[in-house]
Amino acid sequence: MITVNVYRLRDDLELPTYGTSMANCFDLSFQPTTDHVTGYDKYNNPISQKVNNFGEISIYPGDRLLIPTGLIFKIERLVTIENFSDIVDSSSNIPLANYSIRLHPRSGLSLKRGLVLANAEGIVDVDYQEQVFVLLTNISQMGQTIKAGERIAQAEVACNEHANFVVLTKAPEKHSERAGGFGSTGV
């Protein structure tokens with residue numbers, strides 16, 4: 001079984017939750033860990049938004065902000081080792097090199113408020129052992145406020161397979177009826 005170990009930067013921070021018993025993605029919340037959130041405005045100037053006394057920040061049209069989750073993840077598989085008398089600990093946690101956590105926008109937040117992930121999908125590699133941030137941008141024409149504890153993204157644990165890249169000496173032959181590149185199958 002895969003385990004996602006979660007380290008909270010403060011004891012009062014919320015753990016990720018699944019919205020329903022059959023949800024494939026878990027929700028991540030805005031959990032301020034400092035009194036400012038940083039990012040860039042629509043002109044690509046560095047900005048810093050203050051977290052107010054109510055635990056809220058404003059995201060203005062075109063802003064891209066690194067929204068803290070207050071969480072650090074470590075994906076592992078619990079492996080039990082039996083019949084080895086020279087091993088003191090009979091079980092150990094093995095980091096899983098072929099897994100990652102994928103961050104996705106929340107559809108309701110995107111539709112109703114215009115808050116989306118600026119990078120379309122965030123990827124938390126298994127060797128990233130720092131606080132996870134969600135890169136939110138406001139694509140609406142109105143300022144938006146998010147509150148501490150508000151769900152800002154959904155995430156899933158994904159299994160990845162590394163590819164072996166082989167250099168070809170001639171262009172590959174077509175193996176389907178496709179004729180063309182972008183847009184060749186219609187809109």
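What does the accessible surface of the protein chain come to, and what percentage of it belongs to carbon and sulfur atoms? With the surface displayed on this predicted model, the total is about 12,700 Å², and carbon and sulfur atoms account for 54% of that area.

**The whole chain**

The protein chain contains one helix and 15 strands. Of its 187 residues, 33% are buried. Contacts across the sequence may then be considered: among those between residues at least 6 apart, 63% join residues at least 24 apart.

**The largest nonpolar core**

Select Ile57, Ile67, Leu103 and Ile146. These are the residues with the most contacts inside the largest nonpolar core, which has 29 residues. To see where the core draws its members, colour the strands that each give two or more residues to it: S3 (26-29), S6 (56-59), S7 (64-68), S8 (71-80), S10 (99-104), S11 (115-117), S13 (133-138) and S15 (151-159).

Now centre the view on Ile146. Beyond its neighbours within four places in sequence, Ile146 is in contact with Phe30, Gly55, Glu56, Ile57, Ile59, Ile67, Arg113, Leu115, Leu136 and Ile152.

**The largest pocket**

Move on to Leu103, Ile123, Val124, Val132 and Phe133. Of the 14 residues that line the largest pocket, these lie nearest its centre. The elements that give two or more residues to this lining are strand S12 (122-125) and S13. The greatest contribution is that of S12, with four residues. The volume of the pocket is about 170 Å³. Colouring the lining by residue class shows ten nonpolar residues, three polar and one charged.

**A proline in a loop**

Finally, select Pro32, in the loop between S3 and strand S4 (36-40). Why does Pro32 count as buried? Its relative accessibility is 14%, and buried means under 20%. Leaving out neighbours within four places in sequence, Pro32 is in contact with Arg10, Val51, Pro68 and Ala148.

Methods. Residues numbered from 1 in each chain as written. Predicted model: local features only at pLDDT ≥ 70, side-chain atom pairs only at ≥ 80, totals over all residues. Heavy atoms only, no water. Core = buried A, V, L, I, M, F, W, Y, C linked by side-chain atoms within 4.5 Å. Buried < 20%, exposed > 50% of the residue type's maximum accessible area, 1.4 Å probe, protein only. Contact = heavy atoms within 4.5 Å. Areas by Shrake-Rupley, 256 points an atom, 1.4 Å probe, with all protein chains shown as cover. 1 Å grid on protein atoms, 1.4 Å probe; cavity = no way out; pocket = protein on both sides within 12 Å on 5 of 7 lines; lining within 4 Å. Points joined across faces, edges and corners; volume = space filled by probe spheres on them. Nonpolar A, V, L, I, M, F, W, Y, C, P; charged D, E, K, R; others polar.
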